[in-house]
Amino acid sequence: MRSIWNGSISFGLVTIPVKTYSATDRTSSVSFVRIHEKDGAQIQYRKICELDGEEVPNEEVGKGYQAPGDDAIVPITDEDLSRLPMPTAKTLSILSFVDPDQIDPLQMDKAYYLGPNGAAATKPYALLREALEDHRKVALGKVAMRGRESLAMLRAHNGAIVMHTLLWPDQLRPVTGVAPDEVELRENELTLAETLMDSLGELDPAELHDDYREAVEELVAAKLEGEPVAPAASGTSGAQVIDLTAALEKSVRAARGGREAGTEAEPASVTPIRGRKTAKKGEAEQGAAKKSGAAGKKAAAKKTAPATAKKAPAKKAPAKKTAAAPKAAGGRAKGTSTAKKTAAAGTSKKTASKTTAKTSTAEKSTAKKTAARKTSKRSSA
């Protein structure tokens, strides 16, 4: 990695020599060149002088300053700029340490990695990095790079110190006329919005990629091979007026994977990045639950069938015994009860006759004994 600026960090009386490296790479983004549509040749840009109309070589191109609202241009040379008092030309002076939330993200411009420049700078570099991590603070200062001075913020990141150049406060435009006036929101809408925020889950940086760049690369490859270009999927154009509460509820169900089977997905106002995988996972779980439920029903049916077959003959037996019974309005139930009553009556009559017979036999035997006694008394007399 090539260093683009060498300087030092002024931390009180401590000076830390550092090298600056660009932390971002924008060469991977899609960029096009301008061509002549008639013959496909690339168009060149030339520096033309407005006075004589001739092309100006790069070694003759200089700097000039034009005041706002003034047509006059004042030439500025590098020697003029070198004479200006700029203590931050080679030194980043730390002014204060603040909480990260005090920095408005709108002010962040570009990011750079700072590394120690030399063995002597290793220890103070590590000291500043550990101090920023332990106190969870960021350092604010000023630095001059590429001919201009700007604010700078230092923070610890992955074992290194990162510098963010910041815009000056007067470079931020006011938000007047952008935000809507007071809007009345219902409590359930806020609750659903917070529920949706919690349901989306965490974001995996590995899943983030430039879909547009990939589509352009596929288009170029198809043109080089002479293959037909696939038409782009047609999307919905224009804003749709939808019920906010209904859209939030559907978004929460989609994020939780509770989308009902057989219903078509309607476009919602919020499309989660990981909602697709979450929805698929929920549908898989729902399908598994349905399969397990069906299997349970089949098993229960198998267990119930034998028990029913065994109990069936017991129910048919009383019907045969009571087949000869008179059928009244009550059907089988009344015939069965009548047969039971008749049988009980017959049993009671038999028992009564047996008891009467036993009683008469006992009385006869007693009478015989009494007659025998009387006869013996008479004989003895």
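At 30% relative accessibility, lysine 137 counts as partly exposed, a class that lies between buried (under 20% relative accessible area) and exposed (over 50%), with a 1.4 Å probe and protein chains only. Before I go on, please keep in mind that this is a predicted model, in which local features need pLDDT of at least 70 and side-chain atom pairs count only at pLDDT 80 or more, while totals for chains, interfaces and linings use all residues. Residues are numbered from 1 along each chain as its sequence is written, and side-chain values use heavy atoms, with hydrogens and water left out.

Which residue pairs with lysine 137 in a salt bridge? The partner is aspartate 99, and their closest N and O atoms are 2.8 Å apart, where a salt bridge means a side-chain nitrogen of Lys or Arg within 4 Å of a carboxyl oxygen of Asp or Glu. Aspartate 99 sits in the loop between strand E5 (91-98) and strand E6 (108-116), and lysine 137 in the loop between helix H2 (122-135) and strand E7 (138-145), so the pair ties together parts that are 38 residues apart in sequence. Helices (H or I, at least four residues) and strands (E, at least two) are DSSP runs, numbered from the N terminus.

By this rule there are five salt bridges, among them the one between glutamate 79 and arginine 83, at 2.6 Å from N to O. Arginine 83 is exposed, at 61%, whereas glutamate 79 is partly exposed, at 47%. Another joins arginine 186 to glutamate 189 at 3.1 Å, and here glutamate 189 is buried, with a relative accessible area of 10%.
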